[in-house]
Amino acid sequence: MLSKSQARAFFLGGTFLFSAIFVFLTVDTLRQNDSRTNAQNMTADVLKGKEIWEKNNCMGCHTLLGEGAYYAPDLTKVVERRGATWIDVFLDDPQAMFPGERKMVKYNFTKEEKTQVIAFLDWVGKIDANGWPPKPNIPIDSIATPPAPKASSSAVALPQPEKFSQLCVACHAVGGKGGNVGPALDHVGTKFDADYLNRWLSDPQAIKPGTNMPKLPLTDPERKDIVTYLSSLK
């Protein structure tokens with residue numbers, strides 16, 4: 001059992017030690033604050049995007065850095081995961097990208113507002129959050145998509161165009177990888193010719209009124225690349 005003087009020394013020593021540790025950790029945190037919070041890349045668009053985020057109460061459904069509601073997905077790394085192009089199209093009409101599934105409000109953002117929201121989400125995604133959000137132990141693709149079908153020996157598919165990998169795979173699967181909102185496209189080249197695919201991508205509603213397929217913002221060269229790729233899927 002400690003004497004009074006020993007107990008006093010133990011208390012004062014412990015208080016001093018842990019106070020010193022607290023001060024050191026506080027100073028160390030403040031020293032790293034700017035670099036870890038990505039403060040050097042905080043632009044005017046990032047600030048405006050944050051205003052839009054707060055004005056529309058996006059945290060009422062989503063989480064950022066683990067803070068917010070859990071009704072909708074965490075968006076900490078959404079730009080890294082989906083890409084700015086996909087998010088830009090998604091914000092135009094969330095229901096069109098996930099018909100019958102998404103309950104997200106259509107906010108009718110202007111092009112400038114969408115750019116600002118994406119800039120904010122991109123900035124958040126580059127914050128050093130000590131590994132948040134954690135990566136799943138099992139790759140999501142292995143759960144969400146079926147095994148890749150065996151390729152025919154005569155089928156030689158071209159590399160996926162950039163726009164296809166940015167937009168189309170959110171709804172369609174190729175080789176068992178991609179979304180399941182729309183049909184798999186593994187053999188689309190045997191079903192439709194290039195002219196039909198070009199007209200379909202130009203205006204899906206004109207070909208099939210009421211279809212859930214949205215009209216994608218593609219330039220003529222981008223649409224041509226996707227048509228060439230789809231035609232190779234046989």
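## Close-up views of a predicted model

**Figure 1. Cys58 is a buried residue, with a relative accessible area of 15%.** Like every view here, this one comes from a predicted model. Let us start with the cysteines. A disulfide is a covalent bond between the sulfur atoms of two cysteines. How many disulfides does a search of the whole structure find? The search finds 0. For Cys58, the closest cysteine sulfur belongs to Cys61 and is 8.3 Å away, which is too far for a bond because a disulfide needs the two sulfur atoms within 2.5 Å. Cys61, in turn, takes part in no disulfide. While Cys58 is buried, Cys61 is partly exposed, and its relative accessible area is 32%.

**Figure 2. Helix H4, residues 84–92, has a run of buried residues.** Look along this helix for Trp86, Ile87, Asp88, Val89, Phe90 and Leu91, which are buried. What do the buried residues of H4 pack against? Their partners are four helices: H3 (78–82), H5 (94–97), H6 (111–125) and H8 (162–166). The next view takes up one of these partners, H6.

**Figure 3. Helices H4 and H6 pack together at an angle of about 130°.** Two packed helices are described by the angle between their axes and the distance between the axes. Here the axes of H4 and H6 are 10 Å apart. With this angle, the two helices count as oblique to each other, and their crossing is right-handed. On the H4 side, the contact is made by Ala84, Ile87, Asp88, Leu91 and Asp92. H6 brings Lys111, Lys114, Val117 and Ile118 to the contact. Sorted by class, the contact of H4 with H6 holds 5 nonpolar and 4 charged residues, with no polar ones.

**Figure 4. Lys114 is a buried residue of helix H6.** Is Lys114 buried or exposed? Its relative accessibility is 4%, so Lys114 counts as buried, the cut-off being under 20%. Which residues does Lys114 touch, once its neighbours within four places in sequence are set aside? They are Asp88, Leu91, Asp92 and Phe109.

**Figure 5. Helices H10 and H12 cross at roughly 135°.** H10 covers residues 194–202 and H12 covers residues 220–231, and their axes come within 9 Å. H10 is therefore oblique to H12. The crossing of this pair is right-handed. From H10, the residues in the contact are Ala194, Leu197, Asn198, Leu201 and Ser202. From H12, they are Arg223, Ile226, Val227, Leu230 and Ser231. The contact of H10 with H12 is made up of 6 nonpolar, 3 polar and 1 charged residues.

**Figure 6. Leu65 and Asn130 each have a positive phi without being glycine.** Where does Leu65 lie? Look in the loop between strand E1 (63–64) and strand E2 (67–68). The phi of Leu65 is near 55°, and this residue is partly exposed, at 35% relative accessibility. Asn130 sits in another kind of setting, the loop between H6 and helix H7 (140–144). The phi of Asn130 is about 55°, and this residue counts as exposed, with a relative accessibility of 64%.

Methods
Residues numbered from 1 in each chain as written. Predicted model: local features only at pLDDT ≥ 70, side-chain atom pairs only at ≥ 80, totals over all residues. Heavy atoms only, no water. Axes fitted to C-alpha atoms, helices over the stretch in contact; angles between N-to-C directions. Parallel < 35°, antiparallel > 145°, perpendicular 65-115°, else oblique. Left-handed = near helix turned anticlockwise from the far one by under 90°. Contact = heavy atoms within 4.5 Å. Nonpolar A, V, L, I, M, F, W, Y, C, P; charged D, E, K, R; others polar. Buried < 20%, exposed > 50% of the residue type's maximum accessible area, 1.4 Å probe, protein only.
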